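Visitor: I am new to this structure and would like to be guided through it slowly. Could you show it to me before we talk?

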Amino acid sequence: MTGSLAMTRAQQFEESENIGRNDTPNPTMGEVIAARYSRRDLMRGALAVTAISATFGPALLAASGVAKAATPSFGFDEIPAGVDENHHVAPGYRADVLIRWGDPVVAGAPEFDPMAQTAEKQRLQFGYNNDYLGLVPIDGADDHALLVVNHEYTNEELMFPGIGAEQSAKEVMFKNMTKELVDIEMAAHGGTVLEIRKVDGRWQVVKDSPLNRRITADTPMAIGGPATGHDLMKTSADPTGTQVLGMLNNCAGGITPWGTWLSGEENFHGYFWGEAGEGHPNAAAFKRYGIPGNWYSWGAHHDRFDVTKEPNEANRHGWIVEIDPSDPNSVPVKRTALGRFKHEGAENIVNKDGRLVIYMGDDERFDYVYKYVSNGTFDPAAGKANSALLDDGVLYAARYDADGTVEWLPLVHGHGPLTAENGFPDQATVLINARLAADALGATKMDRPEDVEPHPKTNKVFVLLTNNSRRKAEQIDAANPRAENRFGHIVEMTPPDGDHAATKFTWDILVKCGDPSIAEVGAVWGPGTSKDGWFGMPDNCAVDHQGRLWIATDGNSDKATGRSDGVWALETDGESRGSSKHFFRCPVGAELCGPIFTADDRALFVAVQHPSDDSDQWAGFGRVSTFEDPATRWPDFKDGMPPRPSVVVITKEDGGIIGS
């Protein structure tokens with residue numbers, strides 16, 4: 001970001017995630033892959049087909065006869081890759097907008113007027129940049145549910161008139177942002193709970209439902225678990241360290257077996273400003289977390305976001321938040337036993353012994369994969385009392401070893417280097433500074449771990465690694481041929497005998513993403529993948545009730561890939577393993593988030609986030625979008641109406657199962 005060059009919010013996120021604040025000597029995932037799939041192993045013939053694929057790619061495999069032609073089990077016709085102003089879905093399907101930014105949520109909410117926005121209105125309306133989606137069926141029905149939605153961040157230049165494309169340029173940063181606009185931004189963050197129902201074959205929001213709810217950056221929340229009341233959690237507004245206002249930058253999440261919503265705070269560091277130099281009491285930890293990020297002007301109007309005025313406020317963000325969507329009066333709780341980092345997801349599974357296991361990624365280059373294992377067991381008869389499992393358990397970070405195993409390292413005070421002498425005087429400090437604890441234990445530095453999804457039928461666990469453009473050229477070898485891994489890959493973990501609580505797993509590579517027609521990219525796909533079927537930058541995923549894997553992406557652009565983000569169906573087993581098909585395509589600049597299926601697999605809900613952002617990467621527009629001049633006015637396509645992040649519901653025209 002130099003001179004007067006503007007930077008979109010998505011590019012700002014990319015730059016921040018590009019920093020890679022992990023300067024420990026811990027091995028990177030690239031180094032582990034190289035060590036595992038070494039040339040010596042290849043010469044011994046010791047590798048399976050997937051390992052050979054990871055090295056040599058599909059073209060050589062096809063020529064050698066190792067791979068066999070396969071027909072993927074997904075029964076839809078693929079859509080072409082590309083970029084334009086609208087969304088596209090496979091033939092025979094409908095993709096209907098369910099709700100848009102600014103639409104009324106709670107009773108009494110006004111209709112959206114982009115020229116007359118206020119914080120009071122926004123607190124009653126659907127928030128901005130919808131991300132994670134979760135479904136909680138009502139009375140076990142397939143056509144009636146609560147839909148929960150994370151609202152990750154805001155794009156000022158697209159939300160508000162008069163901000164301009166220069167909003168993110170250094171010399172004009174925040175110049176047009178008033179307290180009134182900041183308060184609207186804060187109200188547009190957080191989350192939404194919606195009662196939804198299928199009526200005459202179409203899903204719709206139940207208007208004025210008493211269950212509908214907005215959660216914002218100002219919603220009172222409790223602090224639960226080991227960090228409750230700790231000195232590092234105390235502020236002038238909360239000297240007890242037990243209560244906090246709001247949740248920030250909520251990205252992915254999960255639904256618990258007892259029907260509560262786990263919402264992960266991701267890039268929380270960007271909301272704080274000021275200076276945290278050597279004299280700051282949290283200087284070392286803040287440096288590791290990138291605090292302050294100085295992305296927003298909130299600190300100019302609210303002291304709690306200024307680290308010089310409230311040195312501990314940032315410690316109260318970066319957590320998994322549990323919310324009860326069935327009770328609009330319930331108080332959300334930040335569950336500190338699950339650790340503090342840039343959370344991407346909280347997908348979970350009940351282990352064979354009844355314990356709850358939650359998988360999480362820390363979404364920054366060279367950061368870690370985590371899991372949490374409860375000490376107690378899930379009791380279906382206990383209902384919401386099972387939430388106590390989230391306060392009593394063990395957090396682990398993953399070390400991926402070259403022998404193909406994963407060692408789960410416990411973040412427990414007194415274990416190994418996690419002692420007072422090394423800056424960890426108690427368990428609360430271990431969890432508040434989980435990144436530093438995982439550093440000390442020697443966890444493996446990953447290429448931006450985002451969604452980590454357990455497969456409920458096979459017990460495989462998929463780790464989506466979005467990209468890492470900072471992998472250096474000296475790390476290249478025959479087994480790891482990509483410097484600047486711009487397209488990401490997917491790692492597949494296998495717990496022994498389906499035991500997710502085990503401390504040793506095995507791992508492999510499912511696909512290496514990118515264009516397989518460009519040799520230097522080094523992409524690896526299954527034999528059923530067409531020129532439209534490959535993707536880059538895997539971000540979120542979902543396993544449908546047929547056991548099939550669906551991938552959502554973040555970061556594809558016309559200049560980088562010739563395509564927009566969307567949904568792809570990915571084979572995980574058999575001869576077609578690693579084959580991918582293109583199912584849904586976003587409008588220009590948008591990211592696809594939060595895919596989630598109804599229990600009967602007859603509806604797929606997806607979140608289309610920040611349409612028109614990154615439009616300077618599209619040859620059809622070529623400049624930064626603004627409120628007045630966006631690359632697309634999706635989904636309304638009305639003059640004067642800005643682009644609006646929206647939830648889309650995909651159904652089959654004949655009412656059948658998605659993907660059949």
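The questions and answers below turn to ring pairs, charges over rings and paired strands.

Guide: This is a predicted model, in which local features need pLDDT of at least 70 and side-chain atom pairs count only at pLDDT 80 or more, while totals for chains, interfaces and linings use all residues. Residues are numbered from 1 along each chain as its sequence is written, and side-chain values use heavy atoms, with hydrogens and water left out.

Visitor: How many aromatic pairs does the structure hold?

Guide: Rings of Phe, Tyr and Trp (for Trp, its six-membered ring) pair if their centres lie within 6.5 Å, and planes under 30 degrees apart count as stacked, over 60 as edge-to-face and the rest as tilted. Counted in this way, the aromatic pairs in the structure number 25.

Visitor: Which kind of pair do the rings of Phe74 and Trp550 form?

Guide: Phe74 lies in the loop between helix H5 (58-64) and strand S1 (88-89) and Trp550 in strand S26 (residues 549-553), so their pair ties together parts that are 476 residues apart in sequence; helices (H or I, at least four residues) and strands (E, at least two) are DSSP runs, numbered from the N terminus. The ring centres of Phe74 and Trp550 are 5.1 Å apart and the planes stand at 80°, so the pair is edge-to-face.

Visitor: Are Phe74 and Trp550 buried or exposed?

Guide: Buried means under 20% relative accessible area, exposed over 50%, and partly exposed in between, with a 1.4 Å probe and protein chains only. Phe74 and Trp550 also belong to a cluster linked by ring pairs, together with Phe76, Tyr93, Phe583 and Phe597. Both Phe74 and Trp550 are buried.

Visitor: Over which ring does the charged end of Arg623 sit?

Guide: A charge sits over a ring if NZ of Lys or CZ of Arg is within 6 Å of the ring centre and within 35 degrees of the ring normal. For Arg623, the charged end is 3.8 Å from the centre of the ring it sits over, which is that of Phe621.

Visitor: In S30, which residue is the bridge partner of Ile596?

Guide: Strand S29 (residues 591-597) is mostly covered, with 6 of its 7 residues buried. Two strands pair if DSSP finds at least two bridges between them, and 5 bridges join S29 to strand S30 (residues 604-609), the two running antiparallel. Their hairpin has 6 residues between the strands, and Asp601 in this hairpin takes a positive phi near 60°. In S30, the bridge partner of Ile596 is Phe605.
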